[in-house]
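Hi everyone, thanks for coming. Let me put the model up on the screen, and then I'll walk you through it.

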Amino acid sequence: MFEDFIDALQNFRRNKTRTFLSLLGVIIGVASVIVITSMGESSTQQIKDTFGSSGLDVVSVSSGFMRRKRSAATIQFNESFREELFGQIRNIKKIWYKNTLNATLSYNDTSSTVNCSAIETGYLEMYGLSLNYGRYFSVTDNEEGCQKIILGSNIATALFPAGDGEGKYILVTNNKVSFSFQVIGVLNEQTSGMEDAKNSAFIPLGFYTKKIKPNPNADTIMIQTTSPEKATSVATAVEEYCNKLTGTEYSVNVLSMQTMIEQMNSITTTMSVMLSAIAAISLIVGGIGIMNIMIVTVTERKQEIGIRKALGASSGDIRRQFLVESAAITLIGGSVGCFSGILISIAVEYARSLSYAISWQSCAIAFIFSVFVGIFFGMNPAARAAKLDPVLALAGD
């Protein structure tokens, strides 16, 4: 078989133009598949980078806003409901309560309006939000309702350009009521799930329930699941449980970054498969072209076939010779197509400012499929060559 491969390369060298045209369809087909799948992988990676790697195991639940029944029961996000969820839903690691308020943060002559979140101790650590400097909230901060605040990176930069915010006191104004808060920490510039660590501020939930809204109920509950893979199933289970509890649909709004990523990934994968299937048509067209050229080659090389048979070559030897030649075309074309597709993908992703991502599995599939196309469409010409009568072949008939 190795000798047949060497003979095929020599034949390609003698017919450079014909060989190039045969390779072109395979190269374009393989390269197209790789470029399309790589763009899909890059888009998926960009989505993951946008959401961040942490917070994917968190499910957000808030009150619904599209109730069909006015008489439908509402859910109170209190301690009783927290205990019910733990008892009814599997794969829940911990449940965090959170309230939000619009506030204006002021220091000297500088002010900034932000979404301020009142959170429980450990919430920021759970979300993977790291500190640039300072410390997190302690249990005491929350239990005693201390007037402490942690700032997002952009807010801290706006209020303290020199980066010396720790220990300083700022004014937090909500509904024309102002409180003095001490800055105890500043978050790093990062993205994590549904939390905007850049443009937010965080205060202890204990202060919110004692001074701003003396109500034990929360606006939002954040459910930490046992793993990101369980987030989608937990989100579905929580929604079904709440709908059953209230007797109506849309009783709660459930959001999960993991679910959103999975849905987007499913969409991009489906589109990539569809476009890859279209691109694969060029491989089939290229295979048909290879078959036609191989038939012409068999016709031109009748005397060579007749001499080989006269010297003792069997029909199987002749069949293998032309199958190897046909497969060699797609083997070379697939290799060049893979290399070209990777280079084009890098160029496209660089131009679009996307992170570089190549689907090596798609590269392997495209390459193997191209070789299969060469073998499949080479079977007919190889069979024709094997069936030639050596006498007639030597005569050139």
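I'll go through a strand, a loop, the cavities, the cysteines and the salt bridges.

A word on ground rules. This is a predicted model, where local features need pLDDT of at least 70 and side-chain atom pairs count only at pLDDT 80 or more, while totals for chains, interfaces and linings use all residues. Residues are numbered from 1 along each chain as its sequence is written, and side-chain values use heavy atoms, with hydrogens and water left out.

Let's start with strand 11, residues 220-225. I'll call a residue buried under 20% relative accessible area, exposed over 50%, and partly exposed in between, using a 1.4 Å probe and protein chains only. On that scale, 6 of the 6 residues in strand 11 are buried, so the strand is largely enclosed by the rest of the structure. In a regular strand, side chains alternate between the two faces of the sheet. Here, T220, M222 and Q224 point one way, I221, I223 and T225 point the other way, and all are buried.

Who are the neighbours of strand 11? Two strands count as paired if DSSP finds at least two bridges between them. Strand 1, residues 58-63, pairs with strand 11 in the antiparallel sense over 5 bridges, and V61 has I221 as its bridge partner there. Strand 2, residues 92-107, also runs antiparallel to strand 11, joined to it by 6 bridges.

Now, please find the loop between strand 6 (169-174) and strand 7 (177-187), where N175 sits. K176 is in the loop between these strands too. Most residues other than glycine have a negative phi. N175, however, has a positive phi near 50°, and the phi of K176 is also positive, near 65°. As for accessibility, N175 counts as exposed at 68%, and K176 is exposed at 82%.

On to the cavities. The method uses a 1 Å grid over the protein atoms alone: a cavity is a set of points where a 1.4 Å probe fits but cannot get out, and lining residues have an atom within 4 Å of a point. Grid points are joined across faces, edges and corners, and the volume is the space filled by probe spheres set on the points. How many cavities of 30 Å³ or more does the structure hold? There are 2.

The largest cavity has about 70 Å³ of space. Helix 1 (2-14), helix 2 (16-51), helix 9 (257-300) and helix 11 (315-351) are the elements that give two or more residues to its lining. Among the lining residues are N11, R18, M294 and E325.

Strand 7 and helix 7 (205-212) each supply at least two of the lining residues.

What about disulfides, meaning pairs of cysteine sulfur atoms within 2.5 Å? The search of the whole structure finds 0. C146, which is buried at 17%, has its closest cysteine sulfur in C116, 15 Å away and too far for a bond. C338 is in no disulfide either, with the sulfur of C363 being the nearest at 5.4 Å.

Last, salt bridges: a side-chain nitrogen of Lys or Arg within 4 Å of a carboxyl oxygen of Asp or Glu. The count comes to 6. R82 forms one with E79, with the closest N and O atoms 2.5 Å apart. The two are 3 residues apart in helix 3 (residues 79-88), so about one helical turn separates them. R82 is buried at 10%, whereas E79 is partly exposed at 46%. E79, R82 and E120 are linked in a network of salt bridges.

R135 has a salt bridge with D141, at 2.9 Å between the closest N and O atoms. Here D141 is buried at 4%, and R135 is partly exposed at 35%.

Thanks, and I'm happy to turn the model around for anyone.

Notes. Helix = DSSP H or I, 4+ residues; strand = E, 2+ residues; numbered from the N terminus. 1 Å grid on protein atoms, 1.4 Å probe; cavity = no way out; pocket = protein on both sides within 12 Å on 5 of 7 lines; lining within 4 Å. Disulfide = S-S within 2.5 Å.
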